[in-house]
Amino acid sequence: MTQAVPPILSITPSRALVDEKFQVLVENLPPGCPVTLHSLHHSEDKDDWEAYGHYVSDHRGVVSVTEDLSFGGTYTGKEPMGLLWSMRPVPGSREGLRLRKINVCTPMLVNISVHSGHEDFRDRTPLASALAERWYMAPGVKRIDINKQGVQGTLFIPPGPGPFPTLLDMWGGGVGLLEYRSALLASRGYVSFSLDYLRSEHLSADVEFKYFETAFNIIRNHPQVIPDRVGILGISLGSTVAFNLTAYSTIIKPRCIVCISSNHYHPPGTTLKAGFKILSKHFHKAHFDENNYMSWRSFGLDLIADPSNNVEVGRINCPMLLVNGCDDQNWPTVETAEEVARLLREGGKEHLLSRLAYPGAGHLIEPPFSPHFRATKFIILNSKKKGQFLSLSHILTHTST
Amino acid sequence: MDRKQYCVKLSVQPSRGLMDEKFIVLIQNALPGSQLTIRALHQCEDGHSWEAFGHYTADTTGTINVSEDPSIGGTYSGVEQMGLLWSFRPIPGSKSGLRMRKKNIQTPMEVTISVYQGHQTEGFADLVPLSGVAVERWYMAPGVRRIPVTEGGLTAALFLPSGPGPFPGLLDLWGGGGQLVEYRAALLASHGFASMAIDYLTAKITMETGKMVDNQYFETAYRVLQQHPQVCGSKIAMIGLSFGTSITLKMAVYSEVIKLSAAVCISGSHVQPVDGSVEEILRFFQKNGEKTRFSEKNEVIWRDLLLPIPTDPSLKVNVGRLQCPLLLVVGEDDQNWPSQESALDIKEMMARAGNSHLLTVLSYPNAGHLIEPPYTPHARSSTLKTVEIEEKVMCLWGGQTVEHSRAQEDAWKKMVVFLRENLYGGRNPTSFSHL
């Protein structure tokens with residue numbers, strides 16, 4: 001009885017953090033053989049996501065995703081991590097899906113397989129496959145639910161004696177509590193607190209402001225935290241909070257702030273939710289693209305044109321890193337960054353500011369190698385993905401000084 | 001405490017690796033020129049603690065890279081990328097004769113790696129480290145499945161690689177201590193071989209009936225493996241260590257049922273009564289029991305039991321009739337079996353028979369008997385309870401730690417390449433740069 005011995009597909013490392021690269025190698029193929037590398041992930045929401053690239057094996061019967069070129073699929077060219085970042089919902093899925101891990105204590109499982117041929121590769125069973133685990137939490141990271149003095153969120157503490165530099169991590173509007181960035185930051189040596197700040201309606205802007213100050217102080221006083229090395233990381237609406245707190249608080253002094261897709265629109269005396277309600281009154285002015293996706297960029301520009309609507313960022317006295325996608329269609333974040341730069345320059349504080357701007361990138365700049373979303377159910381319009389690979393390492397360099 | 005040293009950054013990449021994967025231990029942000037100790041700590045399943053440590057000096061950028069910089073003291077010295085694992089030894093105060101072996105291979109080995117100020121050699125439990133990370137070392141790659149096997153009276157465990165298959169198969173045998181030892185089979189499955197670890201000395205059937213298994217037991221294991229829908233029945237190899245070598249050679253040469261594509265024999269011998277059952281072979285060894293020697297520490301040395309290598313052909317597996325490639329792995333300081341003398345004799349027999357093109361001998365100076373997967377600690381001696389003797393003895397295995405650890409690393413790499421070439425076709429050379 002002779003059976004054909006199959007090719008060997010290996011993923012190295014097979015267990016990694018989500019911001020780490022891997023090498024996908026196929027060996028023992030016939031030489032010059034057209035094959036398709038296919039990745040498949042079954043999400044927590046029970047949707048299937050996939051990516052694939054078409055390759056040709058060399059004279060030794062080897063395909064190396066790290067070294068070789070993809071000739072088509074969900075990505076082309078030399079893309080070692082293309083099987084992850086170019087993932088999209090499989091044909092026939094519901095619209096507007098977004099891939100985000102809610103349970104960060106378990107890994108994301110990605111099955112990578114090799115199929116013969118290019119067109120119609122799906123019609124054939126795979127020749128070989130292997131499973132990769134992508135983790136948000138490094139071994140030893142502790143996850144702790146916080147519910148103290150009215151403040152709610154999740155705290156992630158790195159392994160080791162500590163104390164550690166720390167980040168207060170805030171996501172944007174329209175989402176629940178997302179922990180994955182904090183988990184990843186803790187895996188890189190930072191205590192990180194994912195603050196839940198949109199769950200309840202605060203009675204007034206003052207009460208809301210105190211919530212943030214209390215949150216900052218709870219973290220600052222934690223035994224595993226270096227008290228004068230606490231920074232704030234915010235994306236979108238979270239960046240508004242970062243600007244607001246840093247500009248006006250007399251109690252807390254962040255060591256530095258990082259604002260991704262910055263937004264400084266915050267009419268004085270309004271809570272965040274109230275501010276959002278004001279925003280929604282302008283939805284009739286929203287621009288809709290050819291796919292009927294909604295963009296707030298243009299009316300956003302009108303709103304921030306009036307400085308009385310905005311946080312006085314010129315008051316900020318700590319180092320700041322602003323990260324933007326130049327193709328952000330959700331909010332005029334590029335203009336916001338320009339305005340922040342101008343205000344700081346006027347106050348002689350330009351040396352505090354660092355900026356990263358990525359052409360072609362959109363609003364949702366997430367940890368590297370995760371799929372980008374052109375449009376998702378709640379919010380935004382996006383374009384390409386390159387931006388997110390680089391910004392995490394920039395953020396970490398910035399916050400460790 | 002110096003504020004600057006608060007932020008000494010320690011990282012181990014990958015933080016979750018397979019047992020045979022290398023890692024990079026990196027320290028950054030230390031005071032340039034400062035003296036630091038990097039220490040690994042592991043508590044094994046039976047509760048004993050093991051430690052390894054190296055003494056380093058941070059360079060002018062405040063960096064220490066264990067894969068590039070030398071340790072100038074500790075449990076290992078020199079540039080030793082994996083020294084923090086292979087130089088593990090029981091912490092001071094532990095009982096003697098310990099050996100680190102993982103029983104539950106579905107969970108990882110957990111190691112804590114920490115960095116301490118100064119060059120420390122003891123009292124770590126009372127020191128506060130500057131930084132620490134947790135590292136996992138796995139025997140099973142994601143997607144590898146463990147399937148208990150009881151068919152045909154077997155006590156075995158089959159490890160299947162992830163994927164559709166079919167996969168070449170492997171029968172995995174350990175030595176005289178018995179038990180179902182799974183870790184090597186699990187690791188080999190992580191490299192693409194459907195591997196079946198077999199208990200043949202303390203199998204359930206033996207424990208219940210009091211009788212040793214016969215030759216059919218192994219043939220049953222072969223058949224079960226061969227008939228598995230995800231196994232490539234025409235590509236099956238066998239690997240044995242110590243007494244497992246005796247079985248492997250016997251089956252490779254004499255079995256009408258077992259047709260191996262390759263065999264790997266570690267620290268063993270071809271000396272046995274040809275045509276003997278497991279029981280008869282064990283009795284043959286016991287007959288020579290008076291040749292047992294003892295070291296000054298009263299450790300048992302059994303290597304002489306099979307010496308001198310007999311000239312009588314009825315006492316040696318006729319390796320001249322071997323028809324598959326054979327890889328022999330020998331530790332030249334093996335104090336438990338005369339593996340070096342046996343290897344020489346096997347070489348001679350095969351040269352005379354004209355099949356020596358099938359033979360590869362890997363012989364390692366100063367390596368001992370227990371040549372295990374890489375980066376696992378070396379035990380020069382340990383307590384052992386064999387199926388032949390009731391009480392535990394302190395058995396001398398041999399080997400010097402540094403050379404033995406190199407032998408483990410080198411032999412494993414070569415074994416996996418050997419198995420790949422013989423079981424996966426070998427038409428195209430393969431690369432294992434990640435090993």
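Guide: A residue is called buried when its relative accessible area is under 20%. The model discussed here is predicted.

Visitor: Why is B:S261 counted as buried?

Guide: The relative accessibility of B:S261 is 16%, and the cut-off is under 20%; therefore B:S261 counts as buried. B:S261 lies in the loop between α6 (243–254) and β15 (262–266) of chain B.

Visitor: Which residues does B:S261 touch, apart from those up to four places away in sequence?

Guide: B:S261 touches B:S234, B:K235, B:I236, B:C324, B:P325, B:N422 and B:L423.

Visitor: What makes the approach of B:S261 to B:S234 a polar contact?

Guide: The side chain of B:S261 reaches the backbone oxygen of B:S234 at 3.2 Å.

Visitor: Why is helix α2 of chain A described as largely enclosed by the rest of the structure?

Guide: In this helix, residues 180–187 of chain A, 8 of the 8 residues are buried, so the helix is largely enclosed by the rest of the structure. The buried residues are A:Y180, A:R181, A:S182, A:A183, A:L184, A:L185, A:A186 and A:S187. Just after α2(A), A:G189 takes a positive phi of about 100°.

Visitor: How is chain B divided into domains?

Guide: Chain B has domain 1 (9–138) and domain 2 (145–424). The centres of these two domains of chain B, taken over C-alpha atoms, are separated by 32 Å. Across their boundary, 22 residues of domain 1 of chain B are in contact with 29 residues of domain 2 of chain B. Together the two domains of chain B bury about 2,000 Å², with 60% of it on carbon and sulfur atoms. Of the area that domain 1 of chain B buries against domain 2 of chain B, 34% is supplied by B:D20, B:W86 and B:R99, more than any other three residues.

Visitor: What makes the meeting of B:K22 and B:E409 a salt bridge?

Guide: The side chains of B:K22 and B:E409 meet at 3.2 Å, N to O. The rule asks for a side-chain nitrogen of Lys or Arg within 4 Å of a carboxyl oxygen of Asp or Glu, so the pair B:K22 and B:E409 qualifies. Across the interface of domain 1 and domain 2 of chain B, the rule finds 3 salt bridges. Between these domains of chain B there are also 7 residue pairs in polar contact, with both residues at pLDDT 80 or more.

Visitor: How many residues bring chain A and chain B into contact?

Guide: On the side of chain A there are 40 residues, in contact with 41 residues of chain B. The two chains bury about 3,300 Å² between them, and carbon and sulfur atoms give 55% of this area.

Visitor: How do you know that B:R420 and A:E27 form a salt bridge?

Guide: Their side chains, those of B:R420 and A:E27, meet at 3.2 Å, N to O. The limit is 4 Å; therefore the pair B:R420 and A:E27 is a salt bridge. The interface of chain A and chain B has 1 salt bridge by this rule, and 5 residue pairs in polar contact are counted between the chains, both residues at pLDDT 80 or more.

Visitor: Which element gives the largest share of the side of chain A that touches chain B?

Guide: That element is β9(A), with 6 residues. By class, the side of chain A that touches chain B has 22 nonpolar, 10 polar and 8 charged residues.

Definitions and conventions. Residues numbered from 1 in each chain as written. Chains lettered and ligands numbered in written order. Predicted model: local features only at pLDDT ≥ 70, side-chain atom pairs only at ≥ 80, totals over all residues. Heavy atoms only, no water. Domains from an automatic or database assignment. Contact = heavy atoms within 4.5 Å. Buried area = accessible area lost by both parts, 1.4 Å probe. Polar contact = N/O pair within 3.5 Å; in protein donor to acceptor, adjacent residues only side chain to side chain. Buried < 20%, exposed > 50% of the residue type's maximum accessible area, 1.4 Å probe, protein only. Helix = DSSP H or I, 4+ residues; strand = E, 2+ residues; numbered from the N terminus. Nonpolar A, V, L, I, M, F, W, Y, C, P; charged D, E, K, R; others polar.
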